[in-house]
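Work through each task before reading its solution.

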Amino acid sequence: MKFFGFMDETGVLVNNTDNKSYFGLGLLRLHDTSRLLQEITIIKAKHKGIIQEEYKKKGINKNVEIGELKFHSLKSKKYLQMYKDIIDACFAYEHFYFSAILINRSKIKNKSKNTWKLHLSFAKAHIKEHCKKKNDAIVIIADYLNKPKNAPFFEDEMRKLKQVFNASMLESETSIFIQLVDIFIGAIICRYKHLGNTHKKVETKPKMQLVKYIEEKLEQKYNEENSKNGNKNCSGNYENDKTLKGKFTIFGEKFYFSVYERQ
């Protein structure tokens, strides 16, 4: 099967002054993009109308513009339902395959490599791990990153993989699918930061509300796939945990969601 593969990352790899202990790299594989794009466009237009109507009721004449979707930008509850509706659309979509790798910066062994080379090596490893069926082929579309002078181009390096028949980098604001990756890996990193009993102030914030909603939808998807196929469609610690924290894979005939930590 041929796929579009959308990649994005969060955090830093080797900057020890950064207080984020994990680097996250996400890959969204889609066989087709047009139908999901249409669904999300409709959702955004619907919520734009709702928010604008709320302003009118308050006597505020304001033109609402819903820009780039990013997890860290979810600071107001007025946008939370829109994000939830988009998650619903993703999980209802046929052939929705998402995988994320989490890398604990303290465990990076080869720190002699520069950040760009580390990024390339992790991206290659992630693609090979999640696009390895014999007849699978993928075009990689990644969020744009500035490369060091004289360093190899991202596109050239990705095309060295036998699974990759082409590659490109785009500004994330131009691709809703790169933005989807940002939302999912942002939610995963957020869960890693907030485990166990979380302060009520954190629990009620829109970001954590979205994290918990994704976890609820994953549990629902997990139960649906098991009921449909009569067997356990999961590996890792998901059954015991049911959160975005940890190594697990939920797989169905037309659905895949994986989170794993690179050791």
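Predicted model: local features only at pLDDT ≥ 70, side-chain atom pairs only at ≥ 80, totals over all residues.

Residues are numbered from 1 along each chain as its sequence is written, and side-chain values use heavy atoms, with hydrogens and water left out.

**Exercise 1.** Find the residues with the most contacts inside the largest nonpolar core.

Step 1: A nonpolar core is a set of buried (under 20% relative accessible area, 1.4 Å probe, protein chains only) Ala, Val, Leu, Ile, Met, Phe, Trp, Tyr and Cys residues joined through side-chain atoms within 4.5 Å.
Step 2: The largest one has 57 residues, and F91, F96, F98, L218 and F257 have the most contacts inside it.
Step 3: α5 (176–193) is among the elements that supply at least two residues each; α5 gives the most, 13.

**Exercise 2.** Decide how far α2 is enclosed by the rest of the structure.

Step 1: Of the 13 residues in α2, 10 are buried, so this helix is largely enclosed.
Step 2: The buried ones include L80, I87 and F91.
Step 3: Looking beyond four places in sequence, F91 touches F96, F184 and F257, among others (contact means heavy atoms within 4.5 Å).

**Exercise 3.** Describe how α1 and α5 pack.

Step 1: Their angle is about 75 degrees, and their axes, lines fitted to C-alpha atoms over the stretch in contact, lie 11 Å apart.
Step 2: That makes α1 roughly perpendicular (65 to 115 degrees) to α5.
Step 3: L36, L37 and I40 of α1 meet I176, F177 and L180 of α5.

Technical notes
Buried < 20%, exposed > 50% of the residue type's maximum accessible area, 1.4 Å probe, protein only. Helix = DSSP H or I, 4+ residues; strand = E, 2+ residues; numbered from the N terminus. Axes fitted to C-alpha atoms, helices over the stretch in contact; angles between N-to-C directions. Parallel < 35°, antiparallel > 145°, perpendicular 65-115°, else oblique.
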